[in-house]
Amino acid sequence: MAWRKNCDSMITTPIYYINGDPHIGHAYASIAADIIVRFKRLDGEKVHFSTGTDEHGIKVARSAENAGIGVREFSDQASQKFREMSSAVNLTDHDFIRTTEERHRKSAQAFWKLLENDIYKGAYSGWYSARDEEYVTAEDVVDGKSPSGATVEWMEEESFFFRLSAYQNRLLEHYEKYPEFIAPISRRNEVIAFVKSGLKDLSISRNKFDWGIPVPDSEGHIMYVWIDALVNYITSLGFPNDLRRVSEAMSNCIHIVGKEILRFHAVYWPAFLMSAGITLPKRIFAHGWWTRDGQKMSKSVGNVVDPFAMITEYGLDPLRYFLFREIRFGEDGDFSETTLRKRISYDLANDLGNLVQRVLAFIQKLGGSLTVNYDFSIKEKELYALSRNLVERMRPLIEKQNLHGALDCAWELIAESNKFVSDMKPWELAKTDVARLNCVLTALCESIRAISFGLAPFMPDTTRKIFDFMNVDGKSFTEVERDFTNQRCNPPVPLFPREK
Ligand code: MSP
(Lines give C-alpha, C1' and ligand atoms only; values in the text may rest on other atoms or scores of the structure.)
Protein backbone atom coordinates (compact mmCIF):
# COMPACT_ATOMS: atom_id res chain seq x y z
CA MET A 1 0.00 0.00 0.00
CA ALA A 2 2.16 2.78 -1.33
CA TRP A 3 -0.30 5.46 -0.26
CA ARG A 4 0.24 4.48 3.36
CA LYS A 5 4.01 4.46 3.28
CA ASN A 6 4.32 7.72 1.49
CA CYS A 7 1.50 10.15 2.02
CA ASP A 8 1.14 13.92 1.94
CA SER A 9 -2.06 14.03 3.92
CA MET A 10 -4.69 11.97 5.68
CA ILE A 11 -8.48 11.88 5.78
CA THR A 12 -10.39 9.78 8.29
CA THR A 13 -13.93 8.68 8.98
CA PRO A 14 -15.08 7.79 12.48
CA ILE A 15 -14.69 4.11 13.21
CA TYR A 16 -18.18 2.73 13.64
CA TYR A 17 -19.71 0.90 16.59
CA ILE A 18 -20.67 -2.58 15.59
CA ASN A 19 -23.61 -3.15 17.88
CA GLY A 20 -26.04 -2.18 15.12
CA ASP A 21 -26.16 -2.53 11.35
CA PRO A 22 -24.65 0.14 9.10
CA HIS A 23 -27.11 2.93 8.45
CA ILE A 24 -27.28 5.96 6.22
CA GLY A 25 -25.45 8.13 8.77
CA HIS A 26 -22.42 5.86 8.61
CA ALA A 27 -22.57 5.81 4.83
CA TYR A 28 -22.81 9.61 4.88
CA ALA A 29 -19.64 10.13 6.91
CA SER A 30 -17.76 7.60 4.78
CA ILE A 31 -18.88 9.08 1.46
CA ALA A 32 -17.99 12.60 2.65
CA ALA A 33 -14.46 11.54 3.43
CA ASP A 34 -14.30 9.60 0.17
CA ILE A 35 -15.27 12.67 -1.88
CA ILE A 36 -12.50 14.70 -0.29
CA VAL A 37 -9.95 11.93 -0.78
CA ARG A 38 -10.92 11.44 -4.42
CA PHE A 39 -10.67 15.15 -5.11
CA LYS A 40 -7.21 15.34 -3.58
CA ARG A 41 -6.00 12.25 -5.40
CA LEU A 42 -7.23 13.60 -8.72
CA ASP A 43 -5.23 16.67 -7.77
CA GLY A 44 -2.12 14.54 -7.45
CA GLU A 45 -1.92 14.39 -3.64
CA LYS A 46 -0.99 11.15 -1.93
CA VAL A 47 -3.70 10.72 0.66
CA HIS A 48 -3.90 8.17 3.41
CA PHE A 49 -7.58 7.30 3.89
CA SER A 50 -8.75 5.37 6.93
CA THR A 51 -12.06 3.98 8.15
CA GLY A 52 -13.07 0.96 10.18
CA THR A 53 -14.86 -0.41 13.21
CA ASP A 54 -14.81 0.36 16.93
CA GLU A 55 -15.33 -3.03 18.51
CA HIS A 56 -14.61 -2.87 22.23
CA GLY A 57 -16.72 -1.73 25.16
CA ILE A 58 -19.55 -2.85 27.30
CA LYS A 59 -22.17 -2.25 24.61
CA VAL A 60 -20.61 -4.71 22.21
CA ALA A 61 -20.03 -7.26 24.97
CA ARG A 62 -23.74 -7.04 25.82
CA SER A 63 -24.86 -7.22 22.19
CA ALA A 64 -22.85 -10.43 21.78
CA GLU A 65 -24.43 -11.83 24.93
CA ASN A 66 -27.89 -11.00 23.62
CA ALA A 67 -27.08 -12.63 20.30
CA GLY A 68 -25.93 -15.71 22.21
CA ILE A 69 -22.50 -15.88 20.55
CA GLY A 70 -18.93 -15.26 21.62
CA VAL A 71 -17.84 -11.68 21.47
CA ARG A 72 -15.06 -12.32 18.94
CA GLU A 73 -17.38 -14.14 16.61
CA PHE A 74 -19.93 -11.38 17.03
CA SER A 75 -17.31 -8.73 16.21
CA ASP A 76 -16.09 -10.56 13.13
CA GLN A 77 -19.59 -10.81 11.72
CA ALA A 78 -20.61 -7.28 12.63
CA SER A 79 -17.42 -5.66 11.38
CA GLN A 80 -17.82 -7.48 8.08
CA LYS A 81 -21.09 -5.63 7.46
CA PHE A 82 -19.25 -2.32 7.69
CA ARG A 83 -16.60 -3.57 5.33
CA GLU A 84 -19.42 -4.41 2.94
CA MET A 85 -20.85 -0.96 3.39
CA SER A 86 -17.47 0.59 2.53
CA SER A 87 -17.41 -1.32 -0.70
CA ALA A 88 -21.12 -0.73 -1.43
CA VAL A 89 -20.59 3.05 -1.22
CA ASN A 90 -17.46 2.71 -3.36
CA LEU A 91 -14.78 3.95 -0.98
CA THR A 92 -11.60 4.50 -2.90
CA ASP A 93 -8.34 2.83 -1.73
CA HIS A 94 -8.33 2.92 2.04
CA ASP A 95 -7.20 1.21 5.19
CA PHE A 96 -10.02 -0.53 7.05
CA ILE A 97 -8.98 -0.77 10.65
CA ARG A 98 -10.55 -2.90 13.40
CA THR A 99 -9.77 -2.08 17.01
CA THR A 100 -9.58 -5.80 17.74
CA GLU A 101 -6.57 -6.23 15.46
CA GLU A 102 -3.19 -7.00 16.94
CA ARG A 103 -1.58 -3.95 15.31
CA HIS A 104 -4.07 -1.82 17.19
CA ARG A 105 -3.55 -3.49 20.57
CA LYS A 106 0.16 -2.82 20.27
CA SER A 107 -0.45 0.74 19.18
CA ALA A 108 -2.95 1.56 21.95
CA GLN A 109 -0.68 0.11 24.61
CA ALA A 110 2.32 2.01 23.31
CA PHE A 111 0.23 5.18 23.22
CA TRP A 112 -0.88 4.62 26.82
CA LYS A 113 2.73 4.45 27.89
CA LEU A 114 3.43 7.80 26.29
CA LEU A 115 0.66 9.30 28.44
CA GLU A 116 1.95 7.86 31.68
CA ASN A 117 3.19 11.16 33.10
CA ASP A 118 -0.38 12.40 33.02
CA ILE A 119 -2.01 9.23 34.38
CA TYR A 120 -2.81 8.48 38.03
CA LYS A 121 -4.91 5.86 39.79
CA GLY A 122 -8.08 6.80 41.65
CA ALA A 123 -11.60 5.62 42.23
CA TYR A 124 -14.56 6.49 40.11
CA SER A 125 -18.19 6.48 40.98
CA GLY A 126 -20.90 8.00 38.90
CA TRP A 127 -23.60 7.52 36.29
CA TYR A 128 -22.58 5.77 33.10
CA SER A 129 -24.39 5.63 29.80
CA ALA A 130 -23.41 2.43 28.02
CA ARG A 131 -25.06 3.57 24.80
CA ASP A 132 -22.89 6.69 24.62
CA GLU A 133 -19.93 4.94 26.32
CA GLU A 134 -19.64 8.00 28.52
CA TYR A 135 -20.00 9.11 32.13
CA VAL A 136 -22.79 11.59 32.76
CA THR A 137 -22.71 14.17 35.55
CA ALA A 138 -25.36 13.89 38.27
CA GLU A 139 -26.92 17.22 37.18
CA ASP A 140 -27.41 15.88 33.67
CA VAL A 141 -29.29 12.77 34.74
CA VAL A 142 -33.06 13.23 34.53
CA ASP A 143 -35.38 10.32 35.35
CA GLY A 144 -32.55 7.83 35.01
CA LYS A 145 -31.64 9.07 31.52
CA SER A 146 -28.67 10.91 30.04
CA PRO A 147 -29.22 14.09 27.96
CA SER A 148 -29.19 11.91 24.84
CA GLY A 149 -32.05 9.85 26.28
CA ALA A 150 -29.95 6.76 27.08
CA THR A 151 -30.50 4.83 30.30
CA VAL A 152 -27.70 5.40 32.79
CA GLU A 153 -26.40 3.05 35.45
CA TRP A 154 -24.42 3.61 38.64
CA MET A 155 -20.78 2.54 38.36
CA GLU A 156 -18.14 2.37 41.04
CA GLU A 157 -14.70 1.21 40.16
CA GLU A 158 -11.02 1.69 40.64
CA SER A 159 -9.86 3.59 37.62
CA PHE A 160 -6.93 5.32 36.00
CA PHE A 161 -7.39 9.00 35.32
CA PHE A 162 -5.91 11.24 32.69
CA ARG A 163 -4.99 14.75 33.85
CA LEU A 164 -7.22 16.49 31.35
CA SER A 165 -7.61 19.48 33.66
CA ALA A 166 -3.95 20.32 33.07
CA TYR A 167 -4.64 20.84 29.35
CA GLN A 168 -7.37 23.43 29.53
CA ASN A 169 -5.16 26.41 28.74
CA ARG A 170 -3.03 24.66 26.17
CA LEU A 171 -6.16 23.58 24.33
CA LEU A 172 -7.61 27.09 24.39
CA GLU A 173 -4.32 28.45 23.09
CA HIS A 174 -4.35 25.91 20.28
CA TYR A 175 -7.92 26.82 19.25
CA GLU A 176 -6.92 30.48 19.28
CA LYS A 177 -3.74 29.98 17.31
CA TYR A 178 -5.36 27.69 14.71
CA PRO A 179 -8.82 29.08 14.01
CA GLU A 180 -9.32 26.45 11.29
CA PHE A 181 -8.76 23.59 13.72
CA ILE A 182 -12.45 23.03 14.41
CA ALA A 183 -15.19 23.50 11.85
CA PRO A 184 -17.90 24.60 11.28
CA ILE A 185 -17.44 27.78 13.26
CA SER A 186 -20.60 27.38 15.36
CA ARG A 187 -19.31 24.04 16.58
CA ARG A 188 -15.92 25.57 17.29
CA ASN A 189 -17.58 28.10 19.56
CA GLU A 190 -19.38 25.32 21.42
CA VAL A 191 -16.13 23.46 22.01
CA ILE A 192 -14.38 26.60 23.25
CA ALA A 193 -17.25 27.35 25.63
CA PHE A 194 -17.11 23.77 26.90
CA VAL A 195 -13.37 23.93 27.56
CA LYS A 196 -13.63 27.36 29.16
CA SER A 197 -16.25 26.06 31.56
CA GLY A 198 -13.52 23.87 33.08
CA LEU A 199 -12.15 20.43 32.35
CA LYS A 200 -12.25 17.58 34.83
CA ASP A 201 -9.76 14.74 34.79
CA LEU A 202 -10.97 11.85 32.72
CA SER A 203 -11.47 8.29 33.85
CA ILE A 204 -9.68 6.24 31.18
CA SER A 205 -9.92 2.63 32.31
CA ARG A 206 -12.53 0.06 33.34
CA ASN A 207 -12.26 -3.01 35.51
CA LYS A 208 -15.81 -4.33 35.60
CA PHE A 209 -15.62 -6.15 32.28
CA ASP A 210 -12.84 -7.33 30.05
CA TRP A 211 -13.81 -6.69 26.42
CA GLY A 212 -11.12 -4.16 25.69
CA ILE A 213 -7.40 -3.57 25.43
CA PRO A 214 -5.54 -4.37 28.65
CA VAL A 215 -3.87 -1.42 30.35
CA PRO A 216 -0.12 -2.20 30.23
CA ASP A 217 1.18 -3.79 33.44
CA SER A 218 -2.12 -3.40 35.31
CA GLU A 219 -4.00 -6.62 35.48
CA GLY A 220 -7.77 -6.40 35.49
CA HIS A 221 -7.90 -2.95 33.87
CA ILE A 222 -8.89 -2.33 30.31
CA MET A 223 -8.72 0.96 28.47
CA TYR A 224 -11.72 3.23 28.21
CA VAL A 225 -13.16 2.56 24.79
CA TRP A 226 -12.73 6.16 23.64
CA ILE A 227 -8.95 6.17 24.16
CA ASP A 228 -8.78 2.88 22.36
CA ALA A 229 -10.97 4.24 19.54
CA LEU A 230 -9.17 7.54 18.97
CA VAL A 231 -5.81 5.85 18.74
CA ASN A 232 -7.06 4.02 15.63
CA TYR A 233 -6.05 7.02 13.53
CA ILE A 234 -2.38 6.66 14.34
CA THR A 235 -2.48 2.86 14.34
CA SER A 236 -3.53 3.20 10.76
CA LEU A 237 -0.42 5.29 10.09
CA GLY A 238 1.81 2.57 11.51
CA PHE A 239 2.22 3.84 15.09
CA PRO A 240 4.25 3.03 17.21
CA ASN A 241 6.73 2.72 14.36
CA ASP A 242 8.19 5.68 12.56
CA LEU A 243 6.98 8.42 14.87
CA ARG A 244 8.23 11.16 12.62
CA ARG A 245 6.11 9.99 9.75
CA VAL A 246 3.09 9.64 12.03
CA SER A 247 3.49 13.24 13.15
CA GLU A 248 3.96 14.46 9.61
CA ALA A 249 0.81 12.79 8.36
CA MET A 250 -1.15 13.96 11.41
CA SER A 251 -0.14 17.56 10.82
CA ASN A 252 -1.98 17.35 7.51
CA CYS A 253 -4.90 15.25 8.68
CA ILE A 254 -8.60 16.06 8.58
CA HIS A 255 -10.92 14.06 10.79
CA ILE A 256 -14.49 13.90 9.51
CA VAL A 257 -16.81 13.21 12.45
CA GLY A 258 -20.45 13.53 13.39
CA LYS A 259 -21.31 16.50 15.58
CA GLU A 260 -22.10 14.26 18.56
CA ILE A 261 -18.50 13.05 18.84
CA LEU A 262 -16.80 16.36 18.22
CA ARG A 263 -15.88 16.81 21.89
CA PHE A 264 -13.94 13.54 21.91
CA HIS A 265 -12.01 14.64 18.84
CA ALA A 266 -11.52 18.31 19.58
CA VAL A 267 -10.87 18.12 23.34
CA TYR A 268 -9.78 14.68 24.53
CA TRP A 269 -7.85 13.59 21.44
CA PRO A 270 -5.72 16.76 21.17
CA ALA A 271 -5.00 16.63 24.90
CA PHE A 272 -3.88 13.00 24.59
CA LEU A 273 -1.72 13.87 21.61
CA MET A 274 -0.14 16.81 23.40
CA SER A 275 0.65 14.55 26.31
CA ALA A 276 2.11 11.91 23.98
CA GLY A 277 4.17 14.47 22.07
CA ILE A 278 2.51 13.71 18.75
CA THR A 279 1.45 16.43 16.34
CA LEU A 280 -2.23 17.39 16.41
CA PRO A 281 -4.44 16.94 13.36
CA LYS A 282 -4.89 19.93 11.09
CA ARG A 283 -8.64 20.03 11.30
CA ILE A 284 -11.71 18.37 12.70
CA PHE A 285 -14.89 18.82 10.73
CA ALA A 286 -18.17 18.00 12.43
CA HIS A 287 -21.04 17.19 10.11
CA GLY A 288 -24.72 17.28 10.96
CA TRP A 289 -27.28 14.56 11.43
CA TRP A 290 -29.88 13.07 9.16
CA THR A 291 -33.31 12.56 10.58
CA ARG A 292 -36.15 10.70 8.90
CA ASP A 293 -39.45 12.46 8.55
CA GLY A 294 -38.28 14.85 11.23
CA GLN A 295 -37.47 12.14 13.75
CA LYS A 296 -34.18 10.84 15.03
CA MET A 297 -33.35 7.54 13.33
CA SER A 298 -33.27 4.72 15.79
CA LYS A 299 -33.52 0.99 15.84
CA SER A 300 -36.29 1.07 18.43
CA VAL A 301 -38.46 3.43 16.34
CA GLY A 302 -37.65 1.31 13.27
CA ASN A 303 -37.07 4.31 10.98
CA VAL A 304 -33.41 3.78 10.16
CA VAL A 305 -32.55 4.32 6.50
CA ASP A 306 -30.67 1.29 5.19
CA PRO A 307 -27.90 2.38 2.79
CA PHE A 308 -27.85 -1.00 1.02
CA ALA A 309 -31.57 -0.80 0.26
CA MET A 310 -31.22 2.80 -0.98
CA ILE A 311 -28.40 1.83 -3.32
CA THR A 312 -30.41 -1.06 -4.72
CA GLU A 313 -33.45 1.14 -5.23
CA TYR A 314 -31.90 4.34 -6.59
CA GLY A 315 -28.31 3.50 -7.58
CA LEU A 316 -25.18 4.48 -5.73
CA ASP A 317 -24.19 7.68 -7.52
CA PRO A 318 -27.64 9.27 -7.24
CA LEU A 319 -27.53 8.54 -3.50
CA ARG A 320 -24.01 9.96 -3.16
CA TYR A 321 -25.12 13.05 -5.04
CA PHE A 322 -28.31 13.53 -3.08
CA LEU A 323 -26.63 13.33 0.33
CA PHE A 324 -24.33 16.22 -0.49
CA ARG A 325 -26.66 18.30 -2.61
CA GLU A 326 -29.67 18.20 -0.38
CA ILE A 327 -28.15 19.67 2.77
CA ARG A 328 -25.16 21.85 3.43
CA PHE A 329 -22.36 19.71 4.79
CA GLY A 330 -22.16 20.57 8.49
CA GLU A 331 -25.90 21.08 8.93
CA ASP A 332 -28.69 18.68 9.84
CA GLY A 333 -31.21 17.49 7.31
CA ASP A 334 -34.19 15.28 6.81
CA PHE A 335 -33.99 12.21 4.59
CA SER A 336 -36.94 11.95 2.23
CA GLU A 337 -37.23 9.54 -0.65
CA THR A 338 -39.63 11.88 -2.42
CA THR A 339 -36.93 14.55 -2.54
CA LEU A 340 -34.34 11.99 -3.57
CA ARG A 341 -36.55 10.96 -6.52
CA LYS A 342 -37.03 14.60 -7.52
CA ARG A 343 -33.31 15.26 -7.43
CA ILE A 344 -32.70 12.24 -9.66
CA SER A 345 -35.30 13.31 -12.12
CA TYR A 346 -34.54 17.07 -12.25
CA ASP A 347 -30.85 17.47 -11.47
CA LEU A 348 -29.46 14.21 -12.74
CA ALA A 349 -31.66 13.04 -15.59
CA ASN A 350 -32.81 16.46 -16.89
CA ASP A 351 -29.83 18.72 -16.23
CA LEU A 352 -26.77 16.49 -16.40
CA GLY A 353 -28.04 13.41 -18.25
CA ASN A 354 -29.71 15.40 -21.04
CA LEU A 355 -26.73 17.64 -21.57
CA VAL A 356 -24.39 14.70 -22.06
CA GLN A 357 -26.86 12.78 -24.16
CA ARG A 358 -27.72 15.68 -26.46
CA VAL A 359 -24.16 16.78 -27.12
CA LEU A 360 -22.68 13.35 -27.60
CA ALA A 361 -25.58 12.15 -29.76
CA PHE A 362 -24.99 15.19 -31.97
CA ILE A 363 -21.34 14.31 -32.36
CA GLN A 364 -22.39 10.83 -33.45
CA LYS A 365 -24.46 12.41 -36.17
CA LEU A 366 -21.31 14.13 -37.38
CA GLY A 367 -19.56 10.78 -37.60
CA GLY A 368 -18.27 10.51 -34.01
CA SER A 369 -15.61 13.22 -34.01
CA LEU A 370 -15.23 16.98 -34.35
CA THR A 371 -13.18 19.09 -36.66
CA VAL A 372 -11.69 21.52 -34.22
CA ASN A 373 -10.77 24.96 -35.47
CA TYR A 374 -11.20 27.01 -32.28
CA ASP A 375 -12.66 29.87 -34.26
CA PHE A 376 -14.71 30.66 -31.21
CA SER A 377 -17.28 33.39 -30.91
CA ILE A 378 -17.51 35.30 -27.63
CA LYS A 379 -20.22 32.91 -26.40
CA GLU A 380 -18.06 29.85 -26.89
CA LYS A 381 -15.12 31.64 -25.32
CA GLU A 382 -17.19 32.41 -22.25
CA LEU A 383 -18.29 28.82 -21.82
CA TYR A 384 -14.78 27.64 -22.48
CA ALA A 385 -13.35 29.93 -19.80
CA LEU A 386 -15.96 28.83 -17.28
CA SER A 387 -15.14 25.19 -17.98
CA ARG A 388 -11.41 25.69 -17.80
CA ASN A 389 -11.44 26.89 -14.21
CA LEU A 390 -14.21 24.78 -12.71
CA VAL A 391 -11.77 22.67 -10.73
CA GLU A 392 -9.98 25.85 -9.57
CA ARG A 393 -13.27 27.19 -8.27
CA MET A 394 -14.09 23.93 -6.50
CA ARG A 395 -10.68 23.40 -4.87
CA PRO A 396 -10.86 26.06 -2.12
CA LEU A 397 -14.39 24.92 -1.31
CA ILE A 398 -13.33 21.28 -0.96
CA GLU A 399 -10.40 22.50 1.18
CA LYS A 400 -12.99 23.86 3.58
CA GLN A 401 -15.23 20.79 3.27
CA ASN A 402 -17.85 22.96 1.60
CA LEU A 403 -19.09 20.02 -0.46
CA HIS A 404 -22.48 21.50 -1.34
CA GLY A 405 -20.75 24.69 -2.55
CA ALA A 406 -18.50 22.62 -4.78
CA LEU A 407 -21.55 20.88 -6.25
CA ASP A 408 -23.19 24.25 -6.80
CA CYS A 409 -20.21 25.29 -8.94
CA ALA A 410 -20.57 22.20 -11.09
CA TRP A 411 -24.30 22.77 -11.44
CA GLU A 412 -23.78 26.37 -12.50
CA LEU A 413 -21.68 25.11 -15.37
CA ILE A 414 -24.28 22.48 -16.23
CA ALA A 415 -26.95 25.18 -16.31
CA GLU A 416 -24.75 27.48 -18.41
CA SER A 417 -24.04 24.64 -20.82
CA ASN A 418 -27.70 23.78 -21.21
CA LYS A 419 -28.49 27.43 -21.79
CA PHE A 420 -25.71 27.57 -24.37
CA VAL A 421 -27.29 24.64 -26.22
CA SER A 422 -30.67 26.35 -26.29
CA ASP A 423 -29.12 29.66 -27.40
CA MET A 424 -26.87 28.24 -30.09
CA LYS A 425 -29.45 25.82 -31.51
CA PRO A 426 -27.02 23.24 -32.90
CA TRP A 427 -29.88 21.48 -34.69
CA GLU A 428 -30.22 24.60 -36.88
CA LEU A 429 -26.48 25.06 -37.35
CA ALA A 430 -26.38 21.49 -38.65
CA LYS A 431 -28.36 22.73 -41.62
CA THR A 432 -26.71 26.11 -42.10
CA ASP A 433 -23.16 26.26 -40.76
CA VAL A 434 -21.25 23.06 -39.98
CA ALA A 435 -18.02 24.90 -39.12
CA ARG A 436 -19.80 26.87 -36.41
CA LEU A 437 -21.52 23.70 -35.25
CA ASN A 438 -18.10 22.15 -34.73
CA CYS A 439 -17.05 25.13 -32.60
CA VAL A 440 -20.21 24.99 -30.53
CA LEU A 441 -19.85 21.26 -29.92
CA THR A 442 -16.16 21.63 -29.09
CA ALA A 443 -16.97 24.18 -26.40
CA LEU A 444 -19.65 21.84 -25.08
CA CYS A 445 -17.29 18.88 -25.04
CA GLU A 446 -14.90 20.95 -22.97
CA SER A 447 -17.62 21.86 -20.55
CA ILE A 448 -18.82 18.26 -20.25
CA ARG A 449 -15.31 17.12 -19.67
CA ALA A 450 -14.76 19.77 -16.99
CA ILE A 451 -18.09 18.93 -15.35
CA SER A 452 -17.10 15.26 -15.28
CA PHE A 453 -13.83 16.06 -13.56
CA GLY A 454 -15.59 18.25 -11.03
CA LEU A 455 -18.19 15.58 -10.35
CA ALA A 456 -15.81 12.61 -10.43
CA PRO A 457 -15.23 12.68 -6.65
CA PHE A 458 -18.99 12.75 -6.04
CA MET A 459 -20.22 10.33 -8.71
CA PRO A 460 -17.26 8.22 -9.78
CA ASP A 461 -19.20 5.56 -11.71
CA THR A 462 -21.26 8.04 -13.69
CA THR A 463 -18.32 10.21 -14.61
CA ARG A 464 -16.33 7.14 -15.59
CA LYS A 465 -19.08 6.42 -18.13
CA ILE A 466 -18.87 9.96 -19.49
CA PHE A 467 -15.08 9.78 -19.71
CA ASP A 468 -15.45 6.52 -21.60
CA PHE A 469 -17.96 8.03 -24.04
CA MET A 470 -15.41 10.75 -24.71
CA ASN A 471 -12.28 8.60 -24.66
CA VAL A 472 -10.87 10.68 -21.83
CA ASP A 473 -8.61 9.01 -19.31
CA GLY A 474 -10.10 10.93 -16.36
CA LYS A 475 -7.41 9.99 -13.87
CA SER A 476 -5.95 13.40 -13.10
CA PHE A 477 -7.12 16.98 -13.03
CA THR A 478 -4.09 17.96 -15.08
CA GLU A 479 -5.90 16.54 -18.09
CA VAL A 480 -8.45 19.29 -17.81
CA GLU A 481 -5.85 21.60 -19.24
CA ARG A 482 -5.33 19.61 -22.42
CA ASP A 483 -6.85 20.70 -25.68
CA PHE A 484 -9.78 18.84 -27.04
CA THR A 485 -8.41 18.14 -30.49
CA ASN A 486 -10.06 15.77 -32.88
CA GLN A 487 -11.35 13.63 -30.09
CA ARG A 488 -13.31 10.56 -31.11
CA CYS A 489 -16.48 10.01 -29.09
CA ASN A 490 -18.44 6.83 -28.59
CA PRO A 491 -22.22 6.62 -28.79
CA PRO A 492 -23.67 7.58 -25.37
CA VAL A 493 -26.22 5.54 -23.43
CA PRO A 494 -28.55 7.31 -20.98
CA LEU A 495 -26.80 7.92 -17.64
CA PHE A 496 -29.93 8.00 -15.53
CA PRO A 497 -32.65 5.89 -17.11
CA ARG A 498 -35.96 7.37 -16.03
CA GLU A 499 -37.91 4.31 -15.07
CA LYS A 500 -36.58 0.97 -14.06
N1 MSP B 1 -17.35 4.57 17.59
C2 MSP B 1 -17.65 5.95 17.71
C3 MSP B 1 -16.67 6.79 16.93
C4 MSP B 1 -15.23 6.62 17.29
S5 MSP B 1 -14.18 7.55 16.26
C6 MSP B 1 -12.69 7.43 16.97
C7 MSP B 1 -19.06 6.22 17.23
N8 MSP B 1 -19.59 5.36 16.36
S9 MSP B 1 -21.08 5.45 15.74
O10 MSP B 1 -21.22 4.26 14.96
O11 MSP B 1 -22.04 5.66 16.77
O12 MSP B 1 -21.20 6.70 14.84
C13 MSP B 1 -20.19 7.20 14.10
C14 MSP B 1 -20.60 8.25 13.11
O15 MSP B 1 -21.63 7.84 12.23
C16 MSP B 1 -21.11 9.58 13.64
O17 MSP B 1 -20.12 10.38 14.24
C18 MSP B 1 -21.56 10.18 12.32
O19 MSP B 1 -20.44 10.51 11.54
C20 MSP B 1 -22.25 8.99 11.69
N21 MSP B 1 -23.68 8.98 12.01
C22 MSP B 1 -24.33 8.07 12.75
N23 MSP B 1 -25.65 8.40 12.73
C24 MSP B 1 -25.86 9.50 11.98
C25 MSP B 1 -26.99 10.19 11.48
N26 MSP B 1 -28.22 9.89 11.83
N27 MSP B 1 -26.78 11.18 10.58
C28 MSP B 1 -25.53 11.48 10.11
N29 MSP B 1 -24.47 10.85 10.56
C30 MSP B 1 -24.56 10.02 11.66
O31 MSP B 1 -19.62 7.23 17.62
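Colleague: Which residues in H14 meet H17, and which residues in H17 do they meet?
Modeller: This is a predicted model, where local features need pLDDT of at least 70, side-chain atom pairs count only at pLDDT 80 or more, and totals for chains, interfaces and linings use all residues. Residues are numbered from 1 along each chain as its sequence is written, and side-chain values use heavy atoms, leaving out hydrogens and water. With contact meaning heavy atoms within 4.5 Å, H14 brings Asp347, Leu348, Asp351, Leu352, Leu355 and Arg358 against Trp411, Ile414, Ser417, Asn418 and Val421 of H17.

Colleague: Are H14 and H17 parallel or oblique to each other?
Modeller: Helix H14 covers residues 337-365 and helix H17 residues 403-424, and they pack at about 55° with axes 10 Å apart. Angles under 35 degrees count as roughly parallel, over 145 as roughly antiparallel, 65 to 115 as roughly perpendicular and the rest as oblique. H14 and H17 are therefore oblique.

Colleague: Is Ser63 buried or exposed?
Modeller: Happy to look: Ser63 sits in helix H3, residues 58-67, and touches Asn19 and Phe74, leaving aside residues up to four places away in sequence. Buried means under 20% relative accessible area, exposed over 50%, and partly exposed in between, with a 1.4 Å probe and protein chains only. Because its relative accessible area is 17%, Ser63 is buried.

Colleague: What distance separates the centres of domain 1 and domain 2?
Modeller: The domain assignment gives domain 1 (9-288) and domain 2 (346-488), and 16 residues of domain 1 are in contact with 18 residues of domain 2. Taken over C-alpha atoms, the centres are separated by 43 Å.

How values were computed
Axes fitted to C-alpha atoms, helices over the stretch in contact; angles between N-to-C directions. Helix = DSSP H or I, 4+ residues; strand = E, 2+ residues; numbered from the N terminus. Domains from an automatic or database assignment.
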